Amino acid sequence: MMLQQQKEIVQATVPVLQQYGEAITTVFYTTLFEENPSLFNIFNPANQQNGGQARSLAASILAYAAHIDRLDQLGGMVNRITHKHASLEVQPEHYPIVGDHLLRAIRTVLGDAATPEVIDAWAAAYGQLAEIMTGVEQKLYTDGRSQLGGWAGYTPLTVERKVVESDVITSFHLVSPTGGPLPTFLPGQYLGVKAQVPDSPFEQIRQYSLSRVPNGRTYRISVKRESAPAHIAAAQNGLISNHLHESVHEGDTILAHVPQGDFVLRDNDKPVVLLSGGVGITPAICMFEHLARNSKRPVLFVHATMQRSHHAFSDETRELTAAHPHARALVYYEKVTPADVQGRDFDVAGRISIDSLRPYLPQQPADFYYCGPVGFMGAVEGVLDSLNVPLADRYSEAFAPDPSFVTELAKA
């Protein structure tokens with residue numbers, strides 16, 4: 001247990017973390033990987049290059065410091081992080097390594113301001129957090145291997161079918177090599193996939209949303225081929241997504257973790273609004289299928305994509321809409337060609353906006369689920385702010401290092 005004086009010291013560092021948090025986490029990751037290069041088998045190097053991981057960790061630490069005496073209010077953040085850790089097979093022995101480098105980074109950046117009392121308080125705070133996280137993660141591991149068809153760590157699954165869904169998204173239908181059952185999951189969860197690309201020194205782990213409801217026999221993950229951002233110098237194409245698209249074929253195996261993730265439907269009777277951008281459609285279409293087949297809740301399925309050639313699951317969306325008496329689909333194309341037919345291929349030209357969306361929204365309070373790249377997420381947040389949608393009715397997952405603590409802080 002932390003001493004009250006230690007909690008007060010940690011809370012007093014909040015302004016310092018606001019100013020220097022990203023510098024601390026940048027130093028932390030630099031020394032961590034220099035001294036422990038094997039951790040590149042867990043972490044995505046691309047997130048280190050663009051600074052996303054450092055920013056995400058910095059703000060998570062800030063949230064933890066600000067709520068050190070109200071940790072129950074950070075349940076959502078802890079849930080999200082522990083599910084991600086479980087998909088990466090983070091183990092208790094990793095925590096002391098991380099803690100040592102974090103305290104060293106604090107000393108390096110803060111210098112004389114990092115007094116022995118400050119370091120002792122943060123060592124106690126980190127120890128408390130590590131105990132909470134490992135407890136939750138160990139339960140996830142136990143649940144994963146003890147359920148029907150479950151397993152520990154990573155196991156090979158066979159690619160039964162490989163289906164091109166659009167110019168940029170391909171689906172992989174996976175089955176057990178033994179023909180046995182696969183564990184169930186909740187719509188919105190993801191599958192951790194581990195691969196080592198030829199000539200790459202490290203294994204890499206990525207999380208891909210399960211894009212079809214569970215049936216006990218197959219999983220479907222739908223993977224976007226990631227291209228290097230044009231605005232980032234020396235950026236590379238997505239290592240694992242391109243490997244899956246180009247080098248993994250029907251009959252091959254993929255190393256997979258049991259499903260994880262906390263971006264799941266809440267069980268109530270409220271209308272549901274599903275908003276997805278680009279490959280963010282993958283968890284949304286799974287949620288939509290679940291609602292269409294198992295619920296009478298009204299559903300508005302909103303999808304925004306660049307153009308028709310990028311539009312995945314268009315036929316599936318129409319079928320699910322027709323199967324649900326209270327469902328409506330609304331499709332946005334940013335680029336429209338003369339061959340695109342409004343009302344058949346798309347509904348709205350341009351990007352999501354409050355004016356184009358408002359006429360289709362439920363009149364009563366609804367749950368809003370949204371997923372996609374960072375820019376899309378920011379646009380949706382702006383729309384929901386303008387609509388005065390309560391934070392308690394918003395559920396999101398960004399396809400990037402996710403500073404989900406922001407929502408938690410706002411709720412607290």
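Reply: The largest cavity takes up about 60 Å³. Keep in mind that this is a predicted model.

Me: How many cavities of 30 Å³ or more are there?
Reply: The structure has two of them. The second largest cavity holds about 40 Å³ of space.

Me: Which residues line the largest cavity?
Reply: Its lining is made of Leu 17, Gly 21, Ile 24, Thr 25, Ala 58, Ile 61, Leu 102, Ile 106 and Trp 122. By class that is seven nonpolar, two polar and no charged residues.

Me: And which helices supply at least two residues of that lining?
Reply: Helix H2 (14-35), helix H4 (52-66) and helix H6 (94-110) each do. H2 gives the most, with four residues.

Me: OK, what lines the second largest cavity?
Reply: Thr 13, Val 16, Leu 17, Ile 24, Ile 106, Leu 110, Val 118 and Trp 122. H2, H6 and H7 are the elements that give two or more residues to this lining. The largest share, three residues, comes from H2.

Me: How does that lining divide by class?
Reply: Into seven nonpolar, one polar and no charged.

Me: Let's switch to pockets. How much space lies in the second largest pocket?
Reply: About 240 Å³. There are 13 residues in the lining, and His 83, Leu 140, Gln 189, Pro 259 and Gln 260 are those that lie nearest the centre of the pocket.

Me: Which element gives the most to that lining?
Reply: Helix H7 (residues 116-146), with four residues.

Me: And the classes in the lining of that pocket?
Reply: Five nonpolar, six polar and two charged residues.

Me: New topic, rings. How many aromatic pairs does the structure hold?
Reply: Nine. Take Phe 288 and Phe 301: their ring centres are 4.8 Å apart and their planes sit at 15°, so this pair is stacked. The pair links distant parts of the chain, with Phe 288 in helix H9 (residues 281-294) and Phe 301 in strand E8 (residues 299-305), 13 residues apart.

Me: Are those two buried or exposed?
Reply: Phe 288 is buried, at a relative accessible area of 0%. Phe 301 counts as buried too, with 1% relative accessibility.

Me: What about Tyr 369 and Tyr 395, how do their rings sit?
Reply: Their centres are 4.9 Å apart with the planes at 20°, so they are stacked. Tyr 369 belongs to strand E11 (residues 367-372) and Tyr 395 to strand E12 (residues 394-398), and the pair links distant parts of the chain, 26 residues apart. Both Tyr 369 and Tyr 395 are buried.

Me: Which residues form an aromatic cluster?
Reply: Phe 28, Tyr 29, Phe 33, Phe 40 and Phe 202 form one.

Me: Why is E12 called largely enclosed?
Reply: Because five of the five residues of E12 are buried, the strand is largely enclosed by the rest of the structure.

Me: Which residues are on each side of E12?
Reply: Arg 394, Ser 396 and Ala 398 are on one side, Tyr 395 and Glu 397 are on the other, and all are buried, which leaves both faces of E12 covered. In a regular strand, side chains alternate between the two faces of the sheet.

Methods
Residues are numbered from 1 along each chain as its sequence is written. This is a predicted model: local features need pLDDT of at least 70, side-chain atom pairs count only at pLDDT 80 or more; totals for chains, interfaces and linings use all residues. Side-chain values use heavy atoms; hydrogens and water are left out. On a 1 Å grid over the protein atoms alone, a cavity is a set of points where a 1.4 Å probe fits but cannot get out, and a pocket is an open set with protein on both sides within 12 Å along at least five of seven lines; lining residues have an atom within 4 Å of a point. Grid points are joined across faces, edges and corners, and a volume is the space filled by probe spheres set on the points. Ala, Val, Leu, Ile, Met, Phe, Trp, Tyr, Cys and Pro count as nonpolar, Asp, Glu, Lys and Arg as charged, and the others, Gly among them, as polar. Rings of Phe, Tyr and Trp (its six-membered ring) pair if their centres lie within 6.5 Å; planes under 30 degrees apart count as stacked, over 60 as edge-to-face and the rest as tilted. Buried means under 20% relative accessible area, exposed over 50%, partly exposed in between (1.4 Å probe, protein chains only).
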